[in-house]
Amino acid sequence: MTALEHDVQLPTDETVGELELVHAFTGPMPTGVSVSHTGRIFVNFPQWGDEPAATVVELRNGQEVPFPDETWNSPNGQDDESAFVSVQSIVVDPADRLWVLDTGSPMFAPTKPGGPKLVRVDLGTDTVEQVVTFPTDVALETTYLNDVRFDLRRGDAGVAFITDSADSGPNGIIVVDLATGESWRRLHDHLSTKAEPLTSARPIVEGRPFLERPGQGQAPKPVTMGADGIAISADGSRLYYCPLASRRWYSVSTELLVDRSLRDRDVAEDVRDEGDKGGLADGLETDDQGRVYITSGEHDAIVRRLPDGSYQTLVHDPRLLWPDTMSVATDGYLYVTANQLYRQAKYCDGEDTRRRPYSLFRIRIDAGPVLLRRS
């Protein structure tokens, strides 16, 4: 440090909002988080090379405990219907049940029937009560099941909406009838579900272009993950979604998504461009006050859109290194994982530059989750 630097206090980037650290992860990187109505916290670790001992855990007294047990976290192959293969997301539904979204795709490998699945766990007994697998025309070989939201008012048992964020195949929204287990694709490879090219969205993270840089003499290429973040409006009428590699986000009528008598192009006519959200978003979430939360990995921030259409920054903090998944809990907090995703070797010339620990934060929002259920 020079004498001048010692004497002069230079301005620095200022934080917005107050993050509270809930848990520090010293092992594999987490992606999803969800909080039950009674305050239980669940987290998942996809099989992305860190070799997690369990792909789904519950945080108990500061420990990461395999959930619902070790057996469900010990798959016998990539097509095991009775165990988790590689979980990308876990979500507590409006009835306070935990749903586990299993990609069946460790290291983004092609899927095999039985691997991709949606699993319901009863939180009263901590036992698996339902397993939904997908036919090969719904979960394609290229499919990567990313995130899920629920409306339990529809049909006999409700419906689930899932994003397919494949980076090398068709993207779209998958709809599941939870009573029958039937599923179907919507907005199949629709432009709104696709990554934007660098000519219209050139992401910059920590001052560097965010590109795939695998190293070994290979030329950098764009990040191509499609439909990723997903959230449902407070009244259940619109489903919000966004490709990972895009600064735009979209919505579509949930009524049209579930109507199987419609052609996909009829559903596509209802897609609404919600505009420029200011940065790449890995996660979307909503609260019961009609506000939409959007992660901003390029800015170490979470922004939210208010019901009047205006935006505000909820939190901006240099510790929020790639905010990934959010969960609005009944305790009035928004929970979010930060996992340094863009520092993985595939984006850094073959060198893993992540620094443990990874983080689970929360921030007070004085609102509750959207609970679309029968009274």
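How many cavities of 30 Å³ or more does the structure hold?

Author: The model is a predicted one, in which local features need pLDDT of at least 70 and side-chain atom pairs pLDDT 80 or more, while totals for chains, interfaces and linings use all residues. Residues are numbered from 1 along each chain as its sequence is written, and side-chain values rest on heavy atoms, without hydrogens or water.

The structure holds 3 cavities of 30 Å³ or more (a cavity is a set of points on a 1 Å grid over the protein atoms alone where a 1.4 Å probe fits but cannot get out). The largest cavity has a volume of about 280 Å³, this being the space filled by probe spheres set on grid points joined across faces, edges and corners. Its lining consists of 23 residues (each with an atom within 4 Å of a point), and Val91, Val92, Arg149, Glu285 and Pro369 are the closest to the centre. By class, 14 of the lining residues are nonpolar, 5 polar and 4 charged (Asp, Glu, Lys and Arg count as charged; Ala, Val, Leu, Ile, Met, Phe, Trp, Tyr, Cys and Pro as nonpolar; the others as polar).

Two or more lining residues come from each of strand 2 (33-35), strand 6 (87-92), strand 10 (145-151), strand 20 (284-286) and strand 24 (323-328) (strands are DSSP runs of E with at least two residues, numbered from the N terminus). Strand 24 contributes the most to this lining, namely 4 residues.

Among the residues closest to the centre of the largest cavity is Arg149, which lies in strand 10. The relative accessibility of Arg149 is 7%, so this residue counts as buried (under 20% relative accessible area, 1.4 Å probe, protein chains only). The side chain of Arg149 makes a polar contact with that of Asp147, at 3.2 Å (a donor and an acceptor N or O atom within 3.5 Å). A polar atom of the Arg149 side chain also lies 3.0 Å from the backbone oxygen of Leu284.

Strand 6, another contributor to the lining, belongs to an open sheet of 4 strands with the order 6-7-8-9 and antiparallel pairing (two strands pair if DSSP finds at least two bridges between them). Strand 6 and strand 9 (127-133) are the edges of this sheet; each has a single partner strand, so one side of each is left without a neighbour there. Further in, strand 7 (residues 98-102) and strand 8 (residues 117-122) pair in the antiparallel sense over 5 bridges, and Leu101 has Leu118 in strand 8 as its bridge partner.

Key. On a 1 Å grid over the protein atoms alone, a cavity is a set of points where a 1.4 Å probe fits but cannot get out, and a pocket is an open set with protein on both sides within 12 Å along at least five of seven lines; lining residues have an atom within 4 Å of a point. Buried means under 20% relative accessible area, exposed over 50%, partly exposed in between (1.4 Å probe, protein chains only).
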